[in-house]
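Please look over the sequence and the model before reading on.

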Amino acid sequence: MLEQLCQATFAEHLGTVFQIQAGHSQPIKLRLFEATVIGAANPQHQEMPREPFSLLFHGPQNSCLPQRIYQLTHEKLPALDLFLVPIGPDEHGMRYQAIFT
């Protein structure tokens, strides 16, 4: 499933909320704020299904999830198991990144 997703799949959902059930009573909400192609696929590997891309999410300002695989749910996408890395806070909350190669 993940290999079929591309940057455009997520670009359609910029500004929308994804949820993580991380052992808390309430799901944690992450808002997708960036979906960026990060480089062209290696021409020597033409079987690669997509260009590499990055997703950036904002989460709650007052907590930081550790880097690991989380199941994210979204109302218009199937559940996804993504490796999220906290990359630090900004004025909108804690930022998390997922990279697809």
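Buried means under 20% relative accessible area, exposed over 50%, and partly exposed in between, with a 1.4 Å probe and protein chains only. By that rule, buried residues make up 34% of the 101 residues in the chain. This is a predicted model, in which local features need pLDDT of at least 70 and side-chain atom pairs count only at pLDDT 80 or more, while totals for chains, interfaces and linings use all residues. Residues are numbered from 1 along each chain as its sequence is written, and side-chain values use heavy atoms, leaving out hydrogens and water.

**Elements of the chain**

**Strand pairing**
- Two strands pair if DSSP finds at least two bridges between them.
- Strand E1 (residues 17–20) runs antiparallel to strand E4 (residues 68–74), joined by two bridges; glutamine 19 stands opposite threonine 73 in E4.
- E4 is also antiparallel to strand E5 (residues 77–90), with six bridges, and histidine 74 stands opposite leucine 77 in E5.
- A hairpin is formed by E4 and E5, with two residues between them.

**Leucine 5**
- Leucine 5 lies in the segment before helix H1 (7–11).
- Leucine 5 counts as buried because its relative accessibility is 6%.
- Leaving aside neighbours within four places in sequence, leucine 5 is in contact (heavy atoms within 4.5 Å) with Phe10, Arg50, Phe53 and Leu80.
- Phenylalanine 100 is 95 residues from leucine 5 in sequence, yet 8.8 Å away in space, C-alpha to C-alpha.

Definitions and conventions:
Helix = DSSP H or I, 4+ residues; strand = E, 2+ residues; numbered from the N terminus.
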